[in-house]
Amino acid sequence: MKYIACVYLNWGLLASAVIPVSVGEMYTSLLNVKQAISVERKLIDYLKTYVEHELERLEDIKRFYAKVSDLHTQVYKGPAAAMTNPLVAFTLIKRLHSEWLNVVYSNEAMENSQALRSSYEEEEANLPKLEDLQGAAQGLMRLQDVYALQVASLARGRFQRVTNGKPIDICMPAVSVPLSGDDCFLVGKVAYEQEDYYHSVQWLEESVRLFRGTGGGWSPENMGTLEDALDHLAFSHFKTGNVSYALSLSQELLHHDPMNGRVLQNVEKYEKLLVATPPVSIRADVLRRPTSNYLRTRDTYERLCQTQGSQPMHFKNPGLFCDYFTNGSPGLLLQPVRREVLSLQPAVVLYHDFITDTEAEDIKRVAQQGLRRSVVAAGEKQATADYRISKSAWLKDSAHSIVGKLDQRISMLTGLNVKHPYGEYLQVVNYGIGGHYEPHFDHATSPSSPVFKLKTGNRVATFMIYLSSVEAGGSTAFIYANFSVPVVEKAAIFWWNLHRNGKEDVNTLHAGCPVLIGDKWVANKWIHEYGQEFTHRCSLNPEE
């Protein structure tokens, strides 16, 4: 068995349909992000119309300027002689009384601007909200952390991490763009506002570098300036204990804004601190990442995500094998499924080519209208969470004929009863920017979990179908079992969440690694305990 360690090609194309986006949730689904392209195309058309009208207005002003300049160059050389002509005198008086007034106080510029604003406001409901901008920035920081990416490389449009002291490309996307100083400033500002100075220092450092490279010039589309970046960066360094660098940056800021009273006070404060305490140099590479209360297995999780399915020691296990599998089902005798046993503890199996391209596209298309922000169990209720960034939809058999066919196929492969309520409805998931699902169990770990609302017991098994490929990232990592599985388009992965005695299998703790490059779609089928009494019997060994 062999997995490609870094790059996965994305051959799939996604059918587009316009879906209303809930407030601040565009970043949680790449489908919605793609749809934003069509919104910006409309804005481009509106801006083009505005530019054309403004150019016409400016041409009129240039024509008036040329007319008046020519009069002063040719006709008014001798003022006394020119004014003896009543026609010349009349046109001068008229021009000074009304023509200049009409040019200076023209409503045309205001009308053009208002037309652009009205067109923009028509699309405003479909535009990203502040939460989307913050979520997208957090997605970049998540990718930076999980895949150990360099901020400077990201700013150049590259995905690199340092290996043996050298920056190495971990993937080469087909399309990429560099980030501006303002782009990096906004990412750093999101971290800064969350008091996450580990990330704010790195992104604001890059922002300052890029702003300096452009001479600190301001562009009308920018939200930040060199002065803003210096201001936030200085305080970020102060909060990390690097007072000397905070002082240096504040002094640079005073060159741009010498009368800034707050910065003057900061400089005085920093100077006093340095007199009292010797300066300490803190490198960016020794800054400490924010701690995570819910992610206790972060190091293992990130290592498995970075290896992207390449764990040779795990997969050299002689007990693992590949075969053509029928499960004794008559429906599979003529067309057995290619089965790959990935793990014995926990029992994890990959079924290759489980679904066709057409079937996958049908499932995605049907699910699009129902996509909503994915939730996690929160006591007896469900709620959104930053550690799960995606949108999902639930499909009943009646949604499309393919849903029933997939249920039948899953039942043949597993031998389990997957009909509702013994199996949950098919959940279709589309991941967002840096979309992920941090380590979790699929089965309920609390008696109050919403999983038990079906009154058919716990989730005994998971059947997950990969509806798309990705170029990089998005692996499924089994934390305690210490292996990960890359996205395999059209394949399906199956595992048991519970032992035969009904107790949880803790080795099924798993995670959906952040999608680095690509558009990840999966479909989940969760199968419950009840209804499986004669197909998944208890063992004579009570510990099994």
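I started at Cys 171, which is buried at a relative accessible area of 5%. My cut-offs: buried is under 20% relative accessible area, exposed over 50%, partly exposed in between, with a 1.4 Å probe and protein chains only.

**Ground rules**

I am working on a predicted model, where local features need pLDDT of at least 70, side-chain atom pairs count only at pLDDT 80 or more, and totals for chains, interfaces and linings use all residues. Residues are numbered from 1 along each chain as its sequence is written, and side-chain values use heavy atoms, with hydrogens and water left out.

**Cysteines**

I went on to Cys 184. It is buried too, with 0% relative accessible area. Its sulfur lies 18 Å from the closest cysteine sulfur, that of Cys 171, which is too far for a bond. For a disulfide I require a pair of cysteine sulfur atoms within 2.5 Å. The count by this rule is one disulfide.

That disulfide joins Cys 305 and Cys 513, with 2.0 Å between the sulfur atoms. I placed Cys 305 in helix α12 (residues 298-307) and Cys 513 in the loop between β17 (510-512) and β18 (515-518), so the bond ties together parts 208 residues apart in sequence. I read the S-S torsion as about -85°, so the disulfide is left-handed. Cys 305 is buried at 0% relative accessibility. Cys 513 is buried at 0% as well.

**His 436**

I looked next at His 436, in the loop between β10 (426-431) and β11 (437-440). At 1% relative accessibility, His 436 is buried. I take contact as heavy atoms within 4.5 Å. Leaving aside neighbours within four places in sequence, His 436 contacts several residues, among them Arg 142, Tyr 301, Asp 386 and Cys 513.

**Tyr 245**

I found Tyr 245 in helix α10 (residues 243-256). It is partly exposed, at 26% relative accessible area. Not counting residues up to four places away in sequence, it touches Glu 205 and His 237. I also checked Tyr 245 against Asn 327: they are 82 residues apart along the chain, and their C-alpha atoms are separated by 66 Å.

**Backbone**

I checked for exceptions here. Most peptide bonds are trans, and most residues other than glycine have a negative phi.

The bond from Gln 345 to Pro 346 is cis, with omega near 0°. Pro 346 sits in the loop between β4 (337-343) and β5 (348-352). The bond from His 420 to Pro 421 is also cis, with omega near 10°. I located Pro 421 in the loop between α15 (401-414) and β10.

Asn 164 has a positive phi, near 55°. It lies in the loop between β1 (159-163) and β2 (166-171), and is exposed at 77% relative accessible area. Glu 195 has a positive phi of about 60°. I found Glu 195 in the loop between α7 (181-193) and α8 (197-213), exposed at 61% relative accessibility.

**Whole chain**

I counted 15 helices and 19 strands. These are DSSP runs, numbered from the N terminus: helices are H or I of at least four residues, strands E of at least two. The radius of gyration is 31 Å, well over the 24 Å that the globule rule gives for 544 residues, so the protein is more spread out than a compact globule. I took the radius over C-alpha atoms, and the rule is 2.2 Å times the number of residues to the power 0.38. The C-alpha trace spans about 120 × 65 × 40 Å along its principal axes. Buried residues make up 45% of the 544.
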